[in-house]
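Here is a short walk through one protein model. Keep the structure open and follow the stops in order.

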Amino acid sequence: LLSSSSLVATNAARFRLLAGPDVKLMEMGLRRAQGPDGALSASKYSYVGAGFDYTSNVLAGKLYGIPVRGTIAHSFIMSFTSLEEVRPRVSLSPLAGGEAVDVPALAERWLRRVCEVLRTPPEKANRGELAAFVSYAVTFPRDFQGLLDTYCVRRSGLPNFCAVALALHQLGYRAIGVRLDSGDLARQSKEIRQMLRACGAQFQVPWLETVPIAVSNDISEQSLEEFSREGSEIDMIGVGTNLVTCPLQPSLGCVYKLVEVNGFPCLKLTEDEEKMTIPGAKTIYRLYDAAGHPFMDLMALEEEPSPSAGQELEVRVLGQLGETSKVLPTAVEPLHRTYFRDGQV
């Protein structure tokens, strides 16, 4: 319960630090986690670790109250071949009320106009993809998100998305975003943003210019570093395998050793110095320097007086217990807080 959860929560926090405070992070590692229970744990602790905003794991959302987000699958888009498959069943009433509208016909009309703005041939836009977008949008008109890279982002995915998004807009609804799942994600995000701005300006639909761009595809810490270095228009990042399986450190060296029983300290002696215990119940303080940066975590016995800012301390470094050194913290933060004692909150 402690080791695995701490590992995932820490991994999630590392992704958050690299992504920055503004980018939304979605955990989507269900299929790669070690078993269904492992997947639930990973979903929970990536959220608990203050790293991630959403999960694609619907059961985790139900059990733990984590906000759930998802998107269209490539297989869903590939299951459609033409608009004939959705006619004449797909119609949608305007948000303000009124007679239902034939969405496939409306989307086709918008597609021709969008292709003119984006300077791409309308015949290159895959009609099966358009049918999938239409079908999804009519089912979830308030939550339509387009997966753009099933065929060709520039010639098919983006024109089809804009056509359906503008059809929804005409009926009073608003699409919530697009997703990329392959290729140079940073570069593509910038190109897509340019094209969304062109369509939004041409058709006087300001929200289309700022539609959130989500990315996925084996995202790692290195991926986030590259996004930051290259610059991007990415608003949301979905992380799966490299979050829930913690490949950079598959296990956390969490070990239980007894240090006190009923108020009496215990000491484990061994030839391996790292495995020797320091007896007595302890508490932890984080020490900060004059620049406000933490420079040391100080472990002390519970009964010892708490260190204070500006007080010179004589300390011993783990692994060098025979030597002492002096430090002068400008601020002290207690890290250990007791929430349960003797079975009571």
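The model is predicted. Strand E13 covers residues 313–317, and strand E14 covers residues 320–327. The two pair in the antiparallel sense, over four bridges.

E13 and E14 each supply at least two residues to the lining of the largest pocket, and so do strand E11 (282–288) and strand E12 (294–301). Which strand gives the most to this lining? E12 does, with six residues. The largest pocket has a volume of about 750 Å³. Its lining counts 22 residues. Nearest the centre of the largest pocket lie Leu-298, Met-299, Ala-300, Val-315 and Arg-316. By class, the lining of the largest pocket holds 14 nonpolar, three polar and five charged residues.

Now turn to the second largest pocket. Its volume is about 500 Å³. The second largest pocket is lined by 22 residues. Met-28, Arg-31, Arg-179, Asp-181 and Ser-216 lie nearest its centre. How does this lining divide by class? The second largest pocket has six nonpolar, ten polar and six charged residues in its lining.

Next, look at Leu-30. This residue is in the loop between strand E1 (24–27) and helix H2 (35–48). Is Leu-30 buried, partly exposed or exposed? Its relative accessible area is 44%. That value falls between the cut-offs of 20% and 50%, so Leu-30 counts as partly exposed. Leaving aside residues up to four places away in sequence, Leu-30 touches Ala-39 and Asn-57.

The last stop is Thr-150, another loop residue. Its loop runs between strand E5 (145–147) and helix H7 (153–170). Why does Thr-150 count as buried? Its relative accessible area is 16%. Buried means under 20%, so Thr-150 is buried. What does Thr-150 touch, if residues up to four places away in sequence are not counted? The contacts are His-74, Ile-77, Met-78 and Glu-129.

Technical notes
Residues are numbered from 1 along each chain as its sequence is written. This is a predicted model: local features need pLDDT of at least 70, side-chain atom pairs count only at pLDDT 80 or more; totals for chains, interfaces and linings use all residues. Side-chain values use heavy atoms; hydrogens and water are left out. Buried means under 20% relative accessible area, exposed over 50%, partly exposed in between (1.4 Å probe, protein chains only). Contact means heavy atoms within 4.5 Å. Two strands pair if DSSP finds at least two bridges between them. On a 1 Å grid over the protein atoms alone, a cavity is a set of points where a 1.4 Å probe fits but cannot get out, and a pocket is an open set with protein on both sides within 12 Å along at least five of seven lines; lining residues have an atom within 4 Å of a point. Grid points are joined across faces, edges and corners, and a volume is the space filled by probe spheres set on the points. Ala, Val, Leu, Ile, Met, Phe, Trp, Tyr, Cys and Pro count as nonpolar, Asp, Glu, Lys and Arg as charged, and the others, Gly among them, as polar.
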